[in-house]
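Visitor: I would like to learn how to read a protein model. Please take me through one, feature by feature.

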Amino acid sequence: MLKPSLQLRLGQQLTMTPQLQQAIRLLQLPTIELQAHIRELLETNVMLEQDEESESGQYESLATTEMGGESADPQAESSVEVVDDGWTDQSVGPAENPWSPGEDERQQEFADAGGGTLRDHLLWQIELVRLEPRELAIALAIIDAINEDGYLTDPLEEIAATLRPEIEATPKEIERVLGVVQTLDPSGVGARSVSECLLLQLRQLDPATPGLETARRVATQFLDRVALRDTAALRRELDVSEEEIEQALALVRGCQPRPGAGVSRAAAEYVVPDVFVRRTPRGGWSVEINPATLPRIRLNQSYAGLLGRNAGHATLRAQLQEARWLLKSLEIRNDTLTKVARSIVERQTEFLEHGEEYMRPMILRDIAAAIGMHESTVSRVTSGKYMHTPRGVFELRYFFSSQVEGADGSGTSSTAIRAKIRKLIKEEDPANPLSDSRIAEILSGEGIPVARRTVAKYREIMGLAPSNERKRAPAR
């Protein structure tokens with residue numbers, strides 16, 4: 001029989017305080033989301049204000065600190081420096097922030113005007129062509145049937161059906177108006193097949209262009225041979241000289257098989273780097289947090305001073321505490337990002353100096369051990385953060401990769417292996433391309449034992465064709 005009883009147990013349990021939860025959340029936020037979050041807090045928390053005393057984009061302190069202690073041997077010093085941003089409890093970095101509350105109405109974001117659609121581009125042109133109202137209506141129906149690649153997807157009969165009952169148009173009449181639409185920019189628009197698209201573009205060339213007639217024959221009958229790169233067989237089929245076929249192929253390959261792609265471009269997406277990595281005069285590397293990503297905010301000392309020792313104003317006291325937590329959390333975020341970036345640069349200096357083939361294998365655990373933090377913290381700080389280097393802008397996660405164990409016990413980064421595969425394919429003989437097995441043998445000879453299927457996987461990831469598709473017939 002069970003009896004109720006009281007028991008006392010001792011145990012430990014990890015509880016996440018609101019401060020810790022906020023620090024973790026801010027650590028994970030990308031730059032754009034962080035800026036939006038701080039902008040919202042500036043509008044709702046009276047204890048926060050924008051610091052407008054210092055010039056935008058300037059650090060309060062530009063002191064440079066060395067990693068590690070002083071050493072008598074210059075070679076023993078770390079080559080990675082950190083540009084101190086002068087972070088204090090009262091302010092959160094400077095900002096070149098076009099979104100700042102005081103400047104929202106003064107700043108304008110100018111969008112890329114090149115992001116219009118192909119349909120808009122064609123409608124603008126057709127309005128400039130002198131057409132009768134009936135012909136204009138037919139032209140508009142034709143434009144509506146053109147897809148983003150620039151091809152007419154609907155049969156003429158279906159276009160005629162869409163015009164009824166207002167307009168009774170025959171396929172022959174629609175064909176005639178289609179000819180007008182096909183004269184618009186971009187060249188090749190309104191085609192019903194790849195062959196017609198290429199012929200429309202070749203029609204724009206001077207009739208005296210060398211190889212033009214042969215190019216038209218190729219576009220009409222032999223596009224499949226062009227895809228196979230079988231130049232010798234193509235020359236025999238056309239019964240032309242080697243020079244003639246080369247000129248014709250150059251004209252065909254110079255055409256755009258998707259004419260609408262050049263117009264219907266998506267708006268460019270820009271990445272704002274969180275960290276700058278630069279060469280120092282002494283040949284080392286410096287790491288600096290991008291000041292443009294850090295909005296300058298501080299405590300509103302006027303409101304904070306009014307509270308004094310008064311026990312009232314509970315709401316304002318709560319906002320004051322939240323403001324202090326925010327500033328501390330942002331300080332932690334900045335410090336952690338700096339430590340992670342510095343540690344990454346310290347381990348990947350050969351990549352920065354020589355390129356992808358020298359990328360070292362590195363995992364989250366390596367950086368976590370170096371800076372004395374948990375792997376989950378490193379994972380959060382590298383997600384959605386970007387580093388600007390002399391070799392380009394990379395997400396911090398790009399520098400982490402698995403390794404392939406070498407014959408001598410050393411490891412090679414998977415990123416370096418992909419770079420080596422790309423280089424081998426780039427330098428191969430087009431008439432005798434390297435197979436995946438041969439590439440695996442070459443890498444094994446360099447002390448990087450990889451299987452053929454691994455080479456094939458990396459090649460497919462990079463979007464490189466297999467050897468049979470890369471092969472080109474030798475010129476005769």
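Visitor: Is threonine 415 buried or exposed?

Guide: Buried means under 20% relative accessible area, exposed means over 50%, and partly exposed is in between, with a 1.4 Å probe and protein chains only. Threonine 415 has a relative accessible area of 5%, so it is buried. Before going on, note that this is a predicted model, in which local features need pLDDT of at least 70 and side-chain atom pairs count only at pLDDT 80 or more, while totals for chains, interfaces and linings use all residues. Residues are numbered from 1 along each chain as its sequence is written, and side-chain values use heavy atoms, with hydrogens and water left out.

Visitor: In which helix is threonine 415 found, and which residues is it in contact with?

Guide: Helices (H or I, at least four residues) and strands (E, at least two) are DSSP runs, numbered from the N terminus. Threonine 415 is found in helix α17, residues 414-426. Contact means heavy atoms within 4.5 Å. Leaving aside neighbours within four places in sequence, threonine 415 is in contact with Glu356, Met359, Tyr398 and Ser401.

Visitor: How many helices and strands are there in the protein?

Guide: The protein has 20 helices and 10 strands. Of its 476 residues, 40% are buried. Among contacts with a separation of 6 or more, 66% are between residues 24 or more positions apart.

Visitor: How do I read a helix with buried residues, and what is the case in α3?

Guide: An α-helix has 3.6 residues a turn, so residues three or four places apart point the same way. In helix α3 (residues 118-126), the buried residues are Leu118, Leu122, Leu123, Gln125 and Ile126. Seen down the axis of α3, these fall within an arc of 165 degrees, so they line one face of the helix. The arc is that of the directions from the helix axis to the C-beta atoms. The buried residues of α3 pack against α4 (133-144).

Visitor: Which residues of α6 are buried?

Guide: They are Glu173, Ile174, Val177, Leu178 and Val181. Down the axis of α6 they fall within an arc of 145 degrees, so they too line one face of the helix. Among the elements that cover the buried residues of α6 are α4 and α5.

Visitor: What does a nonpolar core look like here, and which residues have the most contacts inside the largest one?

Guide: In soluble globular proteins, nonpolar side chains tend to be buried together. A nonpolar core is a set of buried Ala, Val, Leu, Ile, Met, Phe, Trp, Tyr and Cys residues joined through side-chain atoms within 4.5 Å. The largest one has 27 residues, and those with the most contacts inside it are Val275, Val277, Ile344, Val345, Ile367, Met387 and Phe399. Elements that give two or more residues to this core include β4 (275-279), β5 (285-289) and α13 (314-347). The most comes from α13, with five residues. Another core, of 25 residues, lies apart from it, and has among its members Ala145, Ile159, Ala160 and Val177.

Visitor: What does phenylalanine 399 touch?

Guide: Not counting residues up to four places away in sequence, phenylalanine 399 touches Ile344, Gln348, Phe351, Met359, Arg360, Met362, Met387 and Phe394.

Visitor: How do I read the packing of two helices, and at what angle do α10 and α11 pack?

Guide: Axes are lines fitted to C-alpha atoms, for helices over the stretch in contact, and angles run from 0 to 180 degrees between N-to-C directions. Helix α10 (residues 231-238) packs against helix α11 (residues 242-253) at about 110 degrees, with the axes 10 Å apart. Angles under 35 degrees count as roughly parallel, over 145 as roughly antiparallel, 65 to 115 as roughly perpendicular and the rest as oblique. The two helices α10 and α11 are therefore roughly perpendicular to each other. In this contact, Thr231, Leu234, Arg235 and Leu238 of α10 meet Glu242, Ile245, Glu246 and Leu249 of α11.

Visitor: Where is aspartate 239 found?

Guide: Aspartate 239 is in the loop between α10 and α11. Its phi is near 55 degrees, a positive value in a residue other than glycine. Aspartate 239 is exposed, with a relative accessible area of 69%.
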